[in-house]
Amino acid sequence: MRTKPELTSAIRTGRRAVLLVNAHSRRGRRLYPEVLRRVEAAGFELLGRFPIEDPRQLRSSLESATELGPDLLVVGGGDGTIGAAARHLAHRDVALGLLPLGTTNNFARTLGIPLDLDAAVAILTGGKVIDVDLGLAGDMPFANHVGIGLSAAIFATAPPRLKKVIGRLAYPATALALLTRHRAMRVTVRTDGRSHDYVTHQLYVANGGFHAGRPITADADADDRLLVAYPVGDANRARLLRETARNAATGHRRSHGEDPFLATDEILVETDRPVPVEVDGEPRGYTPLRIGLAANALRVMAATDTVDR
């Protein structure tokens with residue numbers, strides 16, 4: 001495994017890369033030709049190009065991409081695509097380059113990657129390799145979050161066409177439709193020898209610093225060796241909506257040391273019944289679930305002034 005400076009140098013001088021773009025993401029299909037043009041104009045020698053038209057192609061395309069031996073895997077898409085790439089690249093001597101083309105772009109925001117395409121490409125050419133943590137949902141790595149409860153139903157049912165039309169507003173719109181019939185759950189979160197009990201419709205466990213395109217707290221990020229677990233509201237549906245709005249409006253002013261946040265490196269989540277789970281926006285089974293951390297598991301291209309712990 002090369003050092004991070006060695007990999008940075010290889011990317012800057014050799015420019016050996018593979019491009020993978022999710023053409024089903026909100027902007028991916030429309031922007032793919034322009035993404036290809038700008039990446040090639042930046043001087044990258046593309047060993048392969050993978051425009052993903054069918055989500056079922058993603059895993060095999062990621063395997064084919066890494067078999068080509070790039071120093072940099074450039075991935076354009078939303079959090080689901082980038083999360084899949086992060087899982088695939090965990091503990092590999094290949095850096096992930098992010099082109100945020102999705103709905104909320106949480107992982108890109110966490111890492112300070114610009115949403116502007118030209119600025120994001122500039123990070124690929126002039127940035128540096130850093131390593132960041134990944135969460136572990138069971139044995140499955142994740143970049144952003146685990147959602148337990150209502151969000152799992154939302155991601156399973158939010159219409160792709162609606163996401164393309166109204167962007168991240170598709171998720172609250174779907175939530176409102178589902179909430180009237182959603183049943184609250186009793187949750188026990190066990191960590192650091194203590195138990196924390198909640199009755200709520202939703203529990204999140206975050207690795208990154210953003211959710212739904214908004215800061216979770218001012219001090220949460222993907223390189224601090226911490227997960228941040230937090231319920232949203234309680235059994236009352238109106239309070240769930242109020243807490244969701246409050247979190248979105250005040251996250252940048254809050255700390256993960258405040259209630260209701262639990263900042264730790266491993267938790268066990270148990271519920272009064274099997275409750276569906278989503279991992280980075282993809283349905284992934286049911287509770288109970290142990291969630292931990294893989295420290296510095298992923299190498300990514302970031303701005304040169306990014307703090308790398």
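This is a predicted model: local features need pLDDT of at least 70, side-chain atom pairs count only at pLDDT 80 or more; totals for chains, interfaces and linings use all residues.
Local features are shown only at pLDDT of at least 70 and side-chain atom pairs only at pLDDT 80 or more, while totals for chains, interfaces and linings use all residues. Residues are numbered from 1 along each chain as its sequence is written, and side-chain values use heavy atoms, with hydrogens and water left out.

**View 1. Leucine 226 sits in the loop between strand 12 (214-215) and strand 13 (227-231).** Strands here are DSSP runs of E, at least two residues, numbered from the N terminus. With a relative accessible area of 22%, leucine 226 is partly exposed, the class between buried (under 20%) and exposed (over 50%), using a 1.4 Å probe and protein chains only. Leaving aside neighbours within four places in sequence, leucine 226 is in contact with Asp133, Ala206, Asn207, His256, Ala263, Thr264 and Leu293; contact means heavy atoms within 4.5 Å.

**View 2. Proline 215 belongs to strand 12.** Proline 215 is partly exposed too, at a relative accessible area of 23%. Beyond four places in sequence, proline 215 is in contact with Gly209, Phe210, Asn247, Gly251 and His252. Arginine 253 is 38 residues away from proline 215 in sequence, yet their C-alpha atoms are 9.0 Å apart.

View 3. At 7% relative accessibility, threonine 287 counts as buried. Its side chain makes a polar contact of 2.5 Å with the side chain of threonine 271; that term means a pair of N or O atoms within 3.5 Å, one able to donate a hydrogen and the other to accept it, with residues adjacent in sequence counting only if both atoms are side-chain atoms. A polar atom of the threonine 287 side chain also lies 2.9 Å from the backbone nitrogen of valine 275. Contacts of threonine 287 beyond four places in sequence include Ile148, Val269, Arg273, Pro274 and Val277.

**View 4. The second largest pocket has a volume of about 170 Å³.** A pocket is an open set of points on a 1 Å grid over the protein atoms alone where a 1.4 Å probe fits, with protein on both sides within 12 Å along at least five of seven lines; lining residues have an atom within 4 Å of a point. The volume is the space filled by probe spheres set on the points, which are joined across faces, edges and corners. Among the lining residues are Thr110, Leu111, Asp221, Asp223 and Arg309.

Note on methods: Helices (H or I, at least four residues) and strands (E, at least two) are DSSP runs, numbered from the N terminus.
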